[in-house]
Amino acid sequence: MGVAAKIAPSMLSSDFANLASEAERMLKFGADWLHMDIMDGHFVPNLTLGAPVIQSLRKHTEAYLDCHLMVTNPLDYVEPLSKAGASGFTFHVEVSKENWQELVQRIKSKGMKPGVALKPGTPIEDVYPLVEGENPVEMVLVMTVEPGFGGQKFMPEMMEKVRTLRERYPSLDIEVDGGLGPSTINAAASAGANCIVAGSSVFGASDPSAVISLLRSSVEESQHKS
């Protein structure tokens, strides 16, 4: 058995006006984590939510809040997000090549789980030092769409990155985000992803719990085969 499957509905696809009840609904449907997309309108063109919203949501749930920071200056967000109640803090390698050690150290010192994300155009080798360093990240997020907006098409060519990571790091949490759903999960799971972010495919489903369950069983079945 490999690393545990974690299904993380992307709250970017939820009804923001009813975030607490949407979070509760997803957990009832079997979600392990809640994926929170934090964008600054600069690293990516979209502007979504920040620490105040995480803080408001935290009052209503004990769930693991998996925060993905699509921001230019992640260091500035460590303190506010830890105070707000974030659980995981995943920053982008493209903006952290100079200061990732300090960033990881600060994230850990605040009791959050550090992760690193990479855009589709970024070579997988760029994250190796962060996984192999003396104070490593604990998760790698392989973006399977260009970050910034929900509802985009899954990029199957990104699965080579996932496969390479899984061969190199058998016990690492490897997350995929973008276009994941019933028609694309098998490609991601068989490549070795165990943390699955799914937005439109879960929130837009007539039976979200069936979709969450299918995503999980695909990851688990792939691990049994490998």
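Select Asp37 and His35 to begin, and look between their side chains, which are joined by a polar contact of 3.2 Å; a polar contact here is a pair of N or O atoms within 3.5 Å, where within protein one must be able to donate a hydrogen and the other to accept it, and residues adjacent in sequence count only if both atoms are side-chain atoms. This is a predicted model, in which local features need pLDDT of at least 70 and side-chain atom pairs count only at pLDDT 80 or more, while totals for chains, interfaces and linings use all residues. Residues are numbered from 1 along each chain as its sequence is written, and side-chain values use heavy atoms, with hydrogens and water left out.

Stay on Asp37, which belongs to strand β2 (residues 33-39), strands being DSSP runs of E with at least two residues, numbered from the N terminus. Asp37 is buried, its relative accessible area being 5%, where buried means under 20% (1.4 Å probe, protein chains only).

Next select His68, found in strand β3 (residues 64-70) and likewise buried, at 0% relative accessibility. The side chains of His68 and Asp37 make a polar contact of 3.4 Å. Beyond four places in sequence, the contacts of His68 (heavy atoms within 4.5 Å) include His35, His92, Met143 and Asp177.

Key: Helices (H or I, at least four residues) and strands (E, at least two) are DSSP runs, numbered from the N terminus. Buried means under 20% relative accessible area, exposed over 50%, partly exposed in between (1.4 Å probe, protein chains only).
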